Amino acid sequence: MIDLHTWDTPNGRKVSIMLEELAVPYRVHPVNIGEGAQFAPSFLKVAPNNKVPAIVDHDSGVSLMESGAILIYLARKYGKFLPQSADGEAEVLQWLMWQMGGFGPMLGQLMHFNSVQDEQGGYAQARFSKESQRLYGVLDQQLQGKSYICGTLSIADFAIWPWVARAEPQKISLVDFPNVSRWFQLLRQRPSFERGYHITNKVADVPMPAAVKTDAVKTK
Ligand SMILES: N[C@@H](CCC(=O)N[C@@H](CS)C(=O)NCC(=O)O)C(=O)O
């Protein structure tokens, strides 16, 4: 049994989506980061960096924080969503690292500064918006002629998709990125993505959004 400590955020959703795709048993422990639950001593024992997600795998005794490390661990444990060949694995890890080091942090900052109204917010908003647009362009190029980021469904898709699902607060129009838009819609149709996206809302017993907001998402 795996314990998943998470909240309804892009990094948290990567792991619940993967667990739903794997169809393995797991329990969700909501960590309400809006109320400071990430600083509770019991959570810090599992995640010393006080951020979600984190897992405890009771089969192996492994306790892990950092969503990228968790995705790699689960992929290796279950032998799925990470190619066995050295070159195949390297390609997936390359896009996972791209998400962990660039796409996620930039979009996180962009969403923050989009919500800040003062002058300082304006400068930072423009800076992160420009870089985010560039990163979406890189992803769009990678998805040209492909159903999935690395050809077949992998942990790179699980890591990147929940960030694209937040395009609206990022003020990014997916109309400008037709390959990203097509890929986003393809994965959105998978029941495991739908379940994994909403899992923390269900468990946290707060109102569930009607659907992932995709009004701005139109394929060309
Ligand atoms: N690099 C970490 C980032 C995790 C992260 O930033 N989590 C956010 C939610 S998406 C969080 O827990 N924030 C709470 C806080 O900063 O206090 C990962 O990918 O797991």
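Among the 13 residues around the ligand, Thr9, Asn11, Ile33, Lys51 and Ser67 come nearest, where a residue is near a molecule if its C-beta atom, placed from the backbone, lies within 6 Å of it. The model is predicted, and local features need pLDDT of at least 70, side-chain atom pairs count only at pLDDT 80 or more, and totals for chains, interfaces and linings use all residues. Residues are numbered from 1 along each chain as its sequence is written.

The shell around the ligand divides into 5 nonpolar, 6 polar and 2 charged residues; here Ala, Val, Leu, Ile, Met, Phe, Trp, Tyr, Cys and Pro count as nonpolar, Asp, Glu, Lys and Arg as charged, and the others, Gly among them, as polar. Helices α1 and α3 (67–78) each supply at least two residues of this shell, helices being DSSP runs of H or I with at least four residues and strands runs of E with at least two, numbered from the N terminus.

The strands can be followed next. An open sheet of 4 strands has the order β2-β1-β3-β4, with mixed pairing, and two strands pair if DSSP finds at least two bridges between them. Because β2 (26–30) and β4 (62–65) stand at the edges with a single partner strand each, one side of each is left without a neighbour in the sheet. Strand β3 (residues 54–57) runs antiparallel to β4 and is joined to it by 4 bridges, one of which pairs Ala54 with Met65 in β4.

Helix α1 also meets another helix. The axes of α1 (residues 10–22) and α6 (residues 155–164) come within 8 Å and cross at roughly 140°, the axes being lines fitted to C-alpha atoms, for helices over the stretch in contact, with angles from 0 to 180 degrees between N-to-C directions. That makes α1 oblique to α6, since angles under 35 degrees count as roughly parallel, over 145 as roughly antiparallel, 65 to 115 as roughly perpendicular and the rest as oblique. On the α1 side Pro10, Arg13, Lys14, Ile17 and Met18 meet Ile155, Phe158, Ala159, Pro162 and Trp163 of α6, contact requiring C-beta atoms, placed from the backbone, within 7 Å. By class, this contact has 8 nonpolar, no polar and 2 charged residues.

Helix α6 in turn reaches α8 (residues 178–188), their axes coming within 11 Å and crossing at roughly 105°, which makes α6 roughly perpendicular to α8. Here Asp157, Trp161 and Val164 in α6 meet Val180, Phe184 and Leu187 in α8.

Key: Two residues are in contact if their C-beta atoms, placed from the backbone, lie within 7 Å.
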